[in-house]
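Please look over the model below before reading the notes.

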Amino acid sequence: MKKRVVCAGTFDYLHPGHIDFLKQAKSLGDELIVIIARDETVKRIKGFFPVHNENLRKKNIEDTGIPDMVVLGNLDSDILEILEKLKPDII
């Protein structure tokens, strides 16, 4: 059975630390799924919108070729609901 790893973040300014983080996460299992924080969620939690919109941030992570899948987080108040759907072995 495949081991599914999920990680999440804003990834507004993609930098070498993010790349290292994604590679380390990928090494923990067979499948890596990255959840990109929605613009509205970032605003609610951090108090400001990210510089880059959620679709560009998602594309930038996809373009690294590291994750197997990149998804946008939930817009609902329950931002952890997506984990019930993805059913990760490791977060």
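Are Asp39 and Arg57 buried or exposed? Asp39 is buried, and Arg57 is buried too. Buried stands for under 20% relative accessible area, exposed for over 50%, and partly exposed for what lies in between (1.4 Å probe, protein chains only).

This is a predicted model, in which local features need pLDDT of at least 70, side-chain atom pairs count only at pLDDT 80 or more, and totals for chains, interfaces and linings use all residues. Residues are numbered from 1 along each chain as its sequence is written, and side-chain values use heavy atoms, with hydrogens and water left out.

**Sheet**

- Three terms come up here. Helices (H or I, at least four residues) and strands (E, at least two) are DSSP runs, numbered from the N terminus. Two strands pair if DSSP finds at least two bridges between them.
- The sheet is open and has 3 strands in the order S1-S2-S3, with parallel pairing.
- Strand S1 (4-9) and strand S3 (69-72) are the edge strands. Each has a single partner strand, so one side of each is left without a neighbour in the sheet.
- Neighbouring strands of this sheet are turned by 25 degrees against each other on average, direction ignored. Axes are lines fitted to C-alpha atoms, for helices over the stretch in contact, and angles run from 0 to 180 degrees between N-to-C directions.
- S1 and strand S2 (residues 31-36) run parallel and are joined by 6 bridges.
- Strands of a sheet pair through backbone hydrogen bonds, either parallel or antiparallel.

**Glu31**

- Glu31 belongs to strand S2, and Arg4 stands opposite Glu31.
- Glu31 is buried, at a relative accessible area of 16%.
- Leaving aside residues up to four places away in sequence, Glu31 touches Lys3, Arg4, Val5 and Asp68. Contact means heavy atoms within 4.5 Å.

**Helix H1**

- Helix H1 (residues 16-27) has 12 residues, which at 1.5 Å a residue should span 16 Å. The end C-alpha atoms of H1 are 17 Å apart, which agrees. The expected span is 1.5 Å times one less than the number of residues.
- His18, Leu22 and Ala25 are the buried residues of H1. They cover an arc of only 65 degrees around the axis, which puts them on the same side of H1. The arc is that of the directions from the helix axis to the C-beta atoms.
- An α-helix has 3.6 residues a turn, so residues three or four places apart point the same way.
- The buried residues of H1 pack against S1, S2 and H3.
- Pro16 and Ser27, on the other side of H1, are exposed.

**Helices H2 and H3**

- Asp39, Thr41 and Val42 are buried in helix H2 (residues 39-46). Seen down the axis of H2, its buried residues fall within an arc of 160 degrees, so they line one face of the helix.
- H3 is among the elements that cover the buried residues of H2.
- Gly47 follows H2 and has a positive phi, near 90 degrees.
- Helix H3 (residues 54-63) lies across S2 and S3, and runs at about 170 degrees to S3.
- Leu56 lies in helix H3 and is partly exposed, with a relative accessible area of 35%.
- Leu56 and Tyr13 are 43 residues apart in sequence; their C-alpha atoms are 11 Å apart.

**Salt bridges**

- The whole structure holds 6 salt bridges. A salt bridge is a side-chain nitrogen of Lys or Arg within 4 Å of a carboxyl oxygen of Asp or Glu.
- One of them joins Glu54 and Arg38, with the closest N and O atoms 2.9 Å apart. Glu54 lies in helix H3 and Arg38 in the loop between S2 and H2, so the pair ties together parts that are 16 residues apart in sequence.
- Glu54 is buried at 12% relative accessible area, and Arg38 is buried at 17%.
- Asp39 and Arg57 form a salt bridge at 2.6 Å, N to O. Asp39 is in helix H2 and Arg57 in helix H3, so this pair ties together parts that are 18 residues apart in sequence.
- Lys58 and Glu62 also form a salt bridge, at 2.6 Å, N to O. Both residues, Lys58 and Glu62, lie in helix H3, 4 residues apart, about one turn of the helix.
- Glu62 is partly exposed, with a relative accessible area of 35%.
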